[in-house]
Amino acid sequence: MSTLQRAKHQAKAHPLALDAALAAAVLTCMVAGSFVEPRHPGNVSWNLRTPDPLSLVLITLGAAALVFRRRAPMTVLVLTGTVSVIESVTGDPRAPVAMSAVIALYTVASTTDRPTTWRVGLLTMTVLTGAAMSAGPLPWYAQENLAIFAWTGIGATAGDAVRSRRAFVQAIRERAERAERTREEEARRRVAEERLRIARDLHDVVAHHIALVNVQAGVAAHIMDKRPDQAKEALSHVREASRSALNELRATVGLLRQSGDPEAPTEPAPGLDRLDELTGTFRNAGLHIEVARADQDTTLPAAVDLAAYRVIQEALTNVQKHAGPQAKAEVSVVRVGPNIEITVLDDGTGEDAAPDSGGGHGLLGMRERVTALRGTLTTGPRYGGGFRVHAILPVKNRTATGEDPA
């Protein structure tokens, strides 16, 4: 920290001491000026004189009042203005008592608003100059009277300029702090959204594949002794499902890597082009699925394609887990105008026919995905048994914030 910066810090920490030092300096200047008078008007030579005792008392009162200029600026201005008027009327020759009033007027102008500065400044200039011109011993046109007018105007103008600069600097500082807070809030929001998105992906991947592994492992354990060939086939499906789960987990967790990590996955996210592969894994687990597509080979944005895939994946996983062993599922993908509609139906009659009845996050995750794309999701039991999941996704997607999540 430089010497100047240390001095400013000390001045801000001890304002009363600074004002006392200023009052002492003003007192010294006024006392020195009271011993000097011009020899002739307009002449640059000077004569020494002895000031009046009243002038010295008024000088001392005006300087002492400046010690409290920050605590009570208006009161100090009234006091210094009063002693300046008394000196202008009685002093012959005059002592520069008006210097204290100029400092007080500067303080008022620098600590109040502009309308107050105009009113107080004009009043001070009028009172001091009018008293000096009308009741003083000098002619009204004397340069001392005009000097009072000029110096009071300079004090008010300088104080208003300092106040304006402080307000400008404060506004810049507040704007910078507000921008910093906005950046931090935006960063936190993006982190929360990314965390939520990764959590949804992890849930979809784990729920889907673990459900398939559980079913196939149960089948293998049941027929291991009687039909070893079918048990071996079920175990191969377990291996394929676990391998797929590991690959998708690796791709999802890889998003947490640094952008410069060369091992970060670059494979595309799954979409409806892998729908046959997805339904095939469920068929291998024993679920009867019928698929109908009427999307006319629509090319979807990456975010919409991923959301459609995840909705079907989660809906079929719920069918596998909750609809019962004899349940059948129907999957339809239809292009309707500017939207693509995904429907998954089942006729399950299992005891736990309501998905996520245990407090899971499958339906919540589906709803969050669809809502993020400004789509709609409808879920609920079907009349006569079973469950229905219906999602409407806009082909040209826009998120709630106007950004393309892809």
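This report walks through a group of paired strands and the nonpolar cores of a predicted model.

## A strand with neighbours on both sides

E5 pairs with two other strands. With strand E4 (residues 328-336), the pairing is antiparallel and runs over eight bridges. Strand E7 (residues 387-394) also pairs with E5 in the antiparallel sense, again over eight bridges. Ile342 is a handy landmark here: this E5 residue has Val333 opposite it, and it also stands opposite Ala391 in E7.

## The turn between E4 and E5

E4 and E5 form a hairpin with two residues between the strands. If you look at Gly337 in this hairpin, you will find a positive phi near 60 degrees.

## The largest nonpolar core

Ile342 turns up again in the largest nonpolar core, which has 35 residues. Together with Ile312, Leu316, Ile340, Val389 and Leu393, Ile342 touches the most other members. At least two core residues come from each of helix H9 (275-284), helix H10 (302-322), E4, E5, helix H11 (362-372) and E7. H10 gives the largest share, with ten residues.

Leu316 shows what such contacts look like up close. Leaving aside residues up to four places away in sequence, Leu316 touches Thr279, Phe282, Leu287, Ile289, Ala329, Val331 and Val344.

## A second core

There is also a separate core of 19 residues, and among its members are Ala63, Val83, Val108 and Ala156. In soluble globular proteins, nonpolar side chains tend to be buried together.

Methods:
Residues are numbered from 1 along each chain as its sequence is written. This is a predicted model: local features need pLDDT of at least 70, side-chain atom pairs count only at pLDDT 80 or more; totals for chains, interfaces and linings use all residues. Side-chain values use heavy atoms; hydrogens and water are left out. Two strands pair if DSSP finds at least two bridges between them. Helices (H or I, at least four residues) and strands (E, at least two) are DSSP runs, numbered from the N terminus. A nonpolar core is a set of buried Ala, Val, Leu, Ile, Met, Phe, Trp, Tyr and Cys residues joined through side-chain atoms within 4.5 Å. Buried means under 20% relative accessible area, exposed over 50%, partly exposed in between (1.4 Å probe, protein chains only). Contact means heavy atoms within 4.5 Å.
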